[in-house]
Amino acid sequence: MRFSSELEHSSSAILSLLRGCKTIRDFNQVHTHIIRGGCDQDHFLITHFISICAAVLPSNLSYPAAVFDCVTRPNIYLWNVLMKSYCQNSSLNECFSFFKRMKRGLDVVPDKYTFPSVIKACSNVSALEEGRVLHGVTVRCGTDGDVFVGSSLVDFYGKCGQIGCARKVFDGMSVRNEVSWTAMMVGYLSFGDMAAAKSLFDEMPKRNTATWNAMIKGLVRAGNLNCARNLFDEMPVRNEVSFTILIDGYAKGGDMAAARSLFDQLTHKDLFSWSALMSGYVQNGKACEAVKAFSEMQDSNLKPDEFIMVNLMSACSQLGCSELAKWIDSYMKNRSFDLRRAHVAAALVDMNAKCGNMERAASLFEEMPKQDLISYCSTIQGLCIHGFGSQAVHLFDRMINEGIGPDDVAFTVILSACTHAGLVDDGCRFFELMVNSYSINPTPDHYACMVNLLGKSGKLESAYELIRSMPVESHAGAWGALLEACRVNCDVDLGEVVASRLFELEPHHAGNYVLLSNIYAEADRWSNVFNVRDKMSKSGVRKVPGCTYVESTMAA
């Protein structure tokens with residue numbers, strides 16, 4: 001940056017240059033000329049400097065804080081702008097540290113512009129005790145009657161689940177605006193009191209678009225899509241958020257036709273609406289449609305963000321398409337996405353693992369700044385899918401040794417891995433570990449994995465006793481796994497017992513009859529084969545003809 005001598009004394013010119021700053025070096029140059037021009041104590045100029053610097057470099061607040069410290073007697077505006085930056089970009093401890101320093105200052109007192117930022121910081125992490133302390137300070141400072149402070153407190157108590165306190169603050173407000181009413185309504189929605197929220201919505205003297213959107217979102221979360229759609233149709237003004245909320249609702253409800261129809265009505269499609277559509281396709285097992293949506297978005301000259309890419313990677317994982325996975329990997333490298341961010345890294349690991357590139361998946365996994373339960377499970381599942389059972393077991397043990405506690409889903413993954421690889425001893429060890437060390441009650445899926453594992457290894461009686469000992473109601477999956485094991489091991493007697501139970505659980509499932517028929521056929525008991533087929537006919541059970549499905553996927 002070049003400066004003329006006039007610029008050094010021109011606040012408006014320096015402000016213009018400030019708005020063009022992109023790096024810390026740019027800010028250093030501007031700050032140097034502020035000092036040379038004798039403007040380093042100019043509150044107006046330094047307030048703008050700190051505000052712009054914190055917005056451009058949110059992860060480096062030490063620099064704007066150092067500029068603040070150079071001001072001899074900062075006024076309330078300077079304190080508030082840095083306070084707001086701390087609240088938006090730092091930990092709650094740092095926010096409170098700066099707030100306490102502000103309170104100790106001799107020349108300033110926190111005002112109605114100070115508290116909303118700090119209260120919001122407490123709301124974001126549900127810091128109830130700290131927020132209550134702030135509430136007391138607002139009363140002592142005489143700012144609790146301000147509409148913005150009051151609205152912040154209503155929002156805070158609502159997000160902390162203290163709906164009674166939120167209502168008390170709301171009722172005590174002499175002046176309320178749309179923000180106050182909306183905050184109270186959202187509090188009721190978060191608390192699960194739909195009736196109170198709707199009653200408040202109907203009472204509101206004035207509603208803004210955010211109010212309508214919040215109520216629609218509450219109805220969507222409650223699964224009441226019809227009422228949500230009716231309210232959407234009543235809206236005087238809709239924005240992208242309104243459409244996206246309902247698109248997401250339809251998607252979560254499995255109605256992708258309605259979601260797509262609504263999406264097509266949206267005039268301006270932003271990244272959030274595209275993400276909602278793609279995520280819906282992925283959640284509903286329509287991975288090809290998600291990939292097509294990504295191609296459409298690219299054609300509209302909209303650049304994807306990391307959340308869009310995570311949706312695309314999830315779709316690719318479902319498809320198991322190695323070529324598309326390579327394209328995505330290359331695209332993200334060339335577009336400078338931060339591959340070390342937790343959700344991005346986890347999606348990359350999962351995609352590469354499920355698409356067969358275990359070497360790349362393992363490399364990405366090891367490069368992660370911090371492996372979590374999700375990334376471990378993705379890698380373990382990938383190893384399992386591609387026949388690396390022993391490595392999956394080793395990785396699960398490593399996860400436990402590193403202090404990451406597995407949940408019921410993680411145990412389902414590792415038990416499945418042991419089943420596929422025939423690792424009976426490891427499977428039994430993990431099952432006992434789950435029950436005895438982690439106090440997780442086995443689900444029907446866990447029992448089904450164990451029955452399958454024992455059955456495949458020929459331990460049919462052990463598998464049968466395990467099913468009989470289940471404290472939860474056994475489901476058809478476990479019995480079906482045992483029946484298949486009976487077929488493999490030609491155990492007719494146990495097969496008859498198991499099939500009898502399956503006929504009770506699934507009287508119209510043709511596969512169970514076919515399996516029993518096959519067991520009889522392999523034992524040359526043809527009269528029994530005919531009896532099973534006769535029973536199928538009398539019960540109206542029909543075998544569904546087989547078919548072949550071939551899917552072609554092309555990378556975008």
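A disulfide is counted here when two cysteine sulfur atoms lie within 2.5 Å of each other. The structure discussed is a predicted model, and by that cut-off it holds zero disulfides.

**Cysteines**

The sulfur of C141 has its closest cysteine sulfur in C122, and because the separation is 15 Å, the two are too far apart for a bond. C321 is likewise in no disulfide, its nearest cysteine sulfur being that of C316, 5.8 Å away. As for accessibility, C141 is partly exposed, with a relative accessible area of 29%, whereas C321 counts as buried because its relative accessibility is 13%.

**Helix pairs**

| Pair | Distance between axes | Angle | Crossing |
|---|---|---|---|
| α30 (residues 492-505) and α31 | within 10 Å | roughly 165° | left-handed |
| α6 and α8 (residues 128-141) | 13 Å | about 20° | left-handed |

The axes of α30 and α31 cross at roughly 165°, so α30 is roughly antiparallel to α31. On the α30 side the contact is made by V492, G495, E496, A499, L502 and F503, and on the α31 side by N512, Y513, L516, I519 and Y520.

For α6 and α8 the packing angle is about 20°, so α6 is roughly parallel to α8. Here L92, F96, F99 and K103 of α6 meet E130, L134 and V137 of α8. An α-helix has 3.6 residues a turn, so residues three or four places apart point the same way.

**N512**

N512 belongs to helix α31, which spans residues 510-522. This residue counts as buried because its relative accessibility is 4%. What does the side chain of N512 join in a polar contact? The partner is the side chain of E506, at 3.0 Å. With neighbours within four places in sequence set aside, N512 is in contact with L483, L502, F503 and E506. L502 and F503 are also among the α30 residues that make the contact with α31.

**Helix α4**

Helix α4 covers residues 62-69, and its buried residues are Y63, P64, A65, V67 and F68. The elements that cover these buried residues include α2 (24-36), α3 (43-56), α5 (76-89) and α6 (92-104).

Conventions:
Residues are numbered from 1 along each chain as its sequence is written. This is a predicted model: local features need pLDDT of at least 70, side-chain atom pairs count only at pLDDT 80 or more; totals for chains, interfaces and linings use all residues. Side-chain values use heavy atoms; hydrogens and water are left out. Buried means under 20% relative accessible area, exposed over 50%, partly exposed in between (1.4 Å probe, protein chains only). Helices (H or I, at least four residues) and strands (E, at least two) are DSSP runs, numbered from the N terminus. Contact means heavy atoms within 4.5 Å. A polar contact is a pair of N or O atoms within 3.5 Å; within protein, one must be able to donate a hydrogen and the other to accept it, and residues adjacent in sequence count only if both atoms are side-chain atoms. Axes are lines fitted to C-alpha atoms, for helices over the stretch in contact, and angles run from 0 to 180 degrees between N-to-C directions. Angles under 35 degrees count as roughly parallel, over 145 as roughly antiparallel, 65 to 115 as roughly perpendicular and the rest as oblique. A crossing is left-handed if the near helix is turned anticlockwise from the far one by less than a right angle, and right-handed if clockwise.
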